[in-house]
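Subject: Structure for your review

Dear colleague,

Please find below the structure that I am handing over to you. My findings on helix packing and on the nonpolar cores follow it.

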Amino acid sequence: MLPLPTLTQERENHWLDRFDPRLRLLCALLFALTTVSLQQIPLLLGCLLTGLLLAWQSGLRAGPLARRLLLLESLMLLLLLTLPFTVAGETWFSIGPLNASGEGLQRALQILLRANAIVLVLLSLVGTLEPVTLGHALGQLGMPRKLVHLFLLSVRYIGVLFQEYRRLRMAMRARAFVAGSNRHTWRSFGWLLGMLLVRSLERSQRVLRAMKCRGFHDRLYLLSENRWHSRDSLTLLLVALGCTYLLILERTL
Amino acid sequence: MNSPLIQLQDLTFDHPGQPVLKGVDFALHPGERVALLGGNGAGKSTLLQLMVGLYRPGRGRISAFGRERQNENDFREVRARAGLLFQDADDQLFCPTVLEDVVFGPLNLGHSEGEARSIALRVLETLGLSRHAGRVTHKLSGGEKRMVALATVLAMEPEVLLMDEPTTGLDEQAEQRLLEHLEALPQAMLFVSHDRRLVERLATRAVLLTDGVLVEGIMHRHPHVHTHSHLHVHAAGLDAGHEHDEQTPRHRHSHEEI
């Protein structure tokens, strides 16, 4: 199985799954594009709220979600601490020779809100898709075939390689290996990685041979079951209208 | 006797610095189910892969389906007519979903998407795998993976089946199911196996690979009368429907020649 914990519980007939995966991708894209072009803090707050609402409604589990957001927030903290001092503008307060500007603070807040809103929407709309479904949707949206297949093959074999890693690691532990900060540890990890690379290479050769046995001649196929319904078109229209409305508000407020 | 489907004459093959096959002769005829036996590293898998041109022999001739085969183009046709089932199903199943994996072969053979899909669904149905069609391949269990791998090979409608340890890693139930399906297949087969039960039930003939040459194996059965104690596990304290006396019967057996 995949090494990452899944974001959602096993679910059936969730309302999100009734929509075409392509719609979910397109909506996430529209939302992201709109959010990055907004400047007004109240509008960005609205975007964040949308993200939160969506995350709640799509049934994301709080634990894994918080862990992923925490990664983002650590980067955001860096911005919050540095931007006020590096953007020129009216002085807000000063520490010694350093002047913090109000403009800098505002810039930092904008980035904080935007990033969180977009990540939340991506996680709830795209992150909840089965990786294989995501690959198919990308293929149907006309993304380059080679990239889509690379993505799908990665999805297929990442688990196999992870199992191999786990077996090797277990075998090391079974022989009383404890990681420390010494030469022996580094050398052993080097061998572990090297062995994984060699095994992956060998596996890829075996996979290619198996593909040749089934008549592979440089073409891969995708069979997609996704159907675009009228409700998908309607939703896309509504989302597009919403985004346009936000952009108009941004100009006129 | 009818002409052989696949014939090897004086075939040699070396791994770098180490000879593996030193002059192998072999013929597979229609209707035969041949077990390929031999120790670890004897070159059994290599021999199967040589037959479909995944390696090139050092010396010798490979004929398949009435023609001598030499280059990649020749072997392309061989691979379409002789299906090879790999030892590790993870090597064979590389598509995102089961159905996509099974249609991969038929599509490569030039069938349209609709035809390929109906072939795939039919094969899945005969193997009792219909309900797995839409599943993601890496989430299948070991036994399911092996059956789907067999389906991907059968979907190409081969005339010969080459199988590399088809039952390793399967539990008793999964093995039983696989065996039943294999027994029902009309194709000529050559299979590598260490599984005595599989060889006994499936093989009509056995060949033995030792020291780089192939010798005809002699399969014989003798009536085997024996009484013995065998391991029998049931939970302690539960009524298993029998008594345990102190003395377990000693293992006795006698071979009687008939």
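In this predicted model, A:Pro21, A:Arg22 and A:Leu25 of helix 1 of chain A meet helix 5 of chain A at A:Thr133, A:Leu134, A:Ala137, A:Leu138 and A:Gln140.

Helix 5 of chain A contributes A:Pro131, A:Val132, A:Leu134, A:Gly135, A:Leu138 and A:Gly139 to the contact, while helix 6 of chain A contributes A:Val148, A:Phe151, A:Leu152 and A:Val155. Eight of the residues in this contact are nonpolar and two are polar, with no charged residues.

Which residues of helix 5 of chain A are buried? They are A:Val132, A:Leu134, A:Gly135, A:His136, A:Ala137 and A:Gly139. The elements that cover them include helix 1 and helix 6 of chain A, together with helix 4 (98-108) of chain B. Just after helix 5 of chain A, A:Gly142 adopts a positive phi of about 85°.

Helix 1 of chain A has a further packing partner in helix 8 of chain A, residues 230-252, with an angle of about 0° and axes 10 Å apart. Helix 1 of chain A is therefore roughly parallel to helix 8 of chain A. From helix 1 of chain A, the contact involves A:Leu23, A:Leu26, A:Cys27, A:Leu30, A:Phe31, A:Thr34 and A:Ser37. From helix 8 of chain A, the residues involved include A:Asp232, A:Leu236, A:Val239, A:Cys243, A:Leu247 and A:Glu250. The classes represented in this contact are 11 nonpolar, three polar and two charged residues.

As to domains, chain A is divided into domain 1 (15-129 + 237-252) and domain 2 (143-213). Taken over C-alpha atoms, the centres of domain 1 of chain A and domain 2 of chain A are separated by 36 Å.

Turning to chain B, its secondary structure consists of eight helices and 12 strands. Of its 258 residues, 49% count as buried. Among the contacts in chain B between residues at least 6 apart in sequence, 65% join residues at least 24 apart.

The largest nonpolar core has 52 residues, and those with the most contacts inside it are B:Phe94, B:Val102, B:Phe104, B:Leu124, B:Leu127, B:Leu182 and B:Phe191. Helix 6 of chain B, residues 142-154, gives the most to this core, with seven residues. A second, separate core has 37 residues, including B:Phe13, B:Val24, B:Met51 and B:Val160.

Finally, what does B:Leu124 contact when its neighbours within four places in sequence are left aside? Its contacts are B:Val98, B:Leu99, B:Val102, B:Leu129, B:Ser130, B:Ala133 and B:Ala151.

Yours sincerely

Terms used
Residues numbered from 1 in each chain as written. Chains lettered and ligands numbered in written order. Predicted model: local features only at pLDDT ≥ 70, side-chain atom pairs only at ≥ 80, totals over all residues. Heavy atoms only, no water. Core = buried A, V, L, I, M, F, W, Y, C linked by side-chain atoms within 4.5 Å. Buried < 20%, exposed > 50% of the residue type's maximum accessible area, 1.4 Å probe, protein only. Helix = DSSP H or I, 4+ residues; strand = E, 2+ residues; numbered from the N terminus. Contact = heavy atoms within 4.5 Å. Nonpolar A, V, L, I, M, F, W, Y, C, P; charged D, E, K, R; others polar. Domains from an automatic or database assignment. Axes fitted to C-alpha atoms, helices over the stretch in contact; angles between N-to-C directions. Parallel < 35°, antiparallel > 145°, perpendicular 65-115°, else oblique.
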